[in-house]
Amino acid sequence: MILDYLPVAVLRQRRDESQSTTYEHGFRIGFKGSYEGSKEEKYFIHNHLNFRVMYHRDQESDYARIVGFEVTPNMYYLLYSVS
C-alpha cells in the first residue's frame with residue numbers, strides 16, 4: 001500500500017526488554033493462532049485497517065507534505081441474530 005509515494009508501515013513493539021519501537025514495512029493480512037483454552041489452531045484475517053497519515057506544514061507557504069503513513073490492522077468479529 002502506498003500513499004504519495006510512501007510505503008505503508010506498521011509500528012511494532014520490540015520483543016526484547018527494550019522500550020523502543022520499530023517499523024515493519026507493509027502489514028500482515030492476518031495470523032495463525034488459537035482461542036484461549038483451545039489447542040486447535042485457526043487462521044484469523046484482519047478485516048479492518050486504521051490509518052494514520054503524518055504531515056508537515058510549511059509555515060511560509062501554508063503547503064503541507066506527507067511525511068509518514070502508518071496502518072494498524074484489526075479484526076472485528078460480530079455476532080448477530082436474524083429475527
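Tutor: Let's go through the overall build, then the charged pairs, the aromatic rings and one more residue.

Tutor: Some ground rules before that. This is a predicted model, where local features need pLDDT of at least 70 and side-chain atom pairs count only at pLDDT 80 or more, while totals for chains, interfaces and linings use all residues. Residues are numbered from 1 along each chain as its sequence is written, and side-chain values use heavy atoms, with hydrogens and water left out.

Student: Okay. How many helices and strands does the protein have?

Tutor: Helices (H or I, at least four residues) and strands (E, at least two) are DSSP runs, numbered from the N terminus. Here you get zero helices and eight strands. Read from the N terminus, the order is β-β-β-β-β-β-β-β.

Student: And is the protein spread out or compact?

Tutor: For that we use the radius of gyration, taken over C-alpha atoms, and a globule rule of 2.2 Å times the number of residues to the power 0.38. The protein has a radius of gyration of 18 Å, well over the 12 Å that the rule gives for 83 residues, so it is more spread out than a compact globule. Along the principal axes, its C-alpha atoms fill a box of roughly 60 × 45 × 20 Å.

Student: What share of the residues counts as buried?

Tutor: "Buried" means under 20% relative accessible area, "exposed" means over 50%, and "partly exposed" is in between (1.4 Å probe, protein chains only). Of the 83 residues, 16% count as buried.

Student: Now the charges. What is a salt bridge?

Tutor: Side chains of opposite charge can pair when their charged atoms come close. The rule used here asks for a side-chain nitrogen of Lys or Arg within 4 Å of a carboxyl oxygen of Asp or Glu. A search of the whole structure turns up five of them. In one, the side chains of Arg-12 and Glu-24 meet at 3.0 Å, N to O. Arg-12 sits in strand 3 (residues 9-13) and Glu-24 in strand 4, so this pair ties together parts that are twelve residues apart in sequence.

Student: Are those two partners buried, exposed or in between?

Tutor: Arg-12 is partly exposed, at 28% relative accessibility. Glu-24 is partly exposed as well, at 22%.

Student: What else does Glu-24 touch?

Tutor: Contact means heavy atoms within 4.5 Å. Leaving out residues up to four places away in sequence, Glu-24 touches Val-8, Ala-9, Val-10 and Arg-12. Its strand, strand 4, covers residues 21-25.

Student: Which other salt bridges can I look up?

Tutor: Lys-32 is partly exposed at 49%. Then find Asp-62 and Arg-57, with their closest N and O atoms 3.6 Å apart. Asp-62 is exposed, with a relative accessible area of 53%, while Arg-57 is partly exposed at 39%.

Student: How do I read aromatic pairs?

Tutor: A pair of aromatic rings is described by the distance of the centres and the angle of the planes. Rings of Phe, Tyr and Trp (its six-membered ring) pair if their centres lie within 6.5 Å; planes under 30 degrees apart count as stacked, over 60 as edge-to-face and the rest as tilted. That rule gives three aromatic pairs. The rings of Phe-31 and Phe-44 have centres 5.1 Å apart and planes at 20°, so they are stacked. Phe-31 is in strand 5 (residues 30-33) and Phe-44 in strand 6 (residues 42-45), so the pair joins parts 13 residues apart in sequence. Phe-31 is partly exposed at 40%, but Phe-44 is buried at 9%.

Student: Which other rings are stacked?

Tutor: Phe-51 and Phe-69 are, at 5.8 Å centre to centre and 15° between the planes. Phe-51 is in strand 7 (residues 48-57) and Phe-69 in strand 8, 18 residues apart. Phe-51 is partly exposed at 49%, whereas Phe-69 is buried at 8%. Also, Phe-31, Tyr-35 and Phe-44 form one aromatic cluster.

Student: Last one: which residues does Asn-74 touch?

Tutor: Not counting residues up to four places away in sequence, Asn-74 touches His-46, Asn-47, His-48 and Asn-50. You'll find Asn-74 in strand 8 (residues 64-74).
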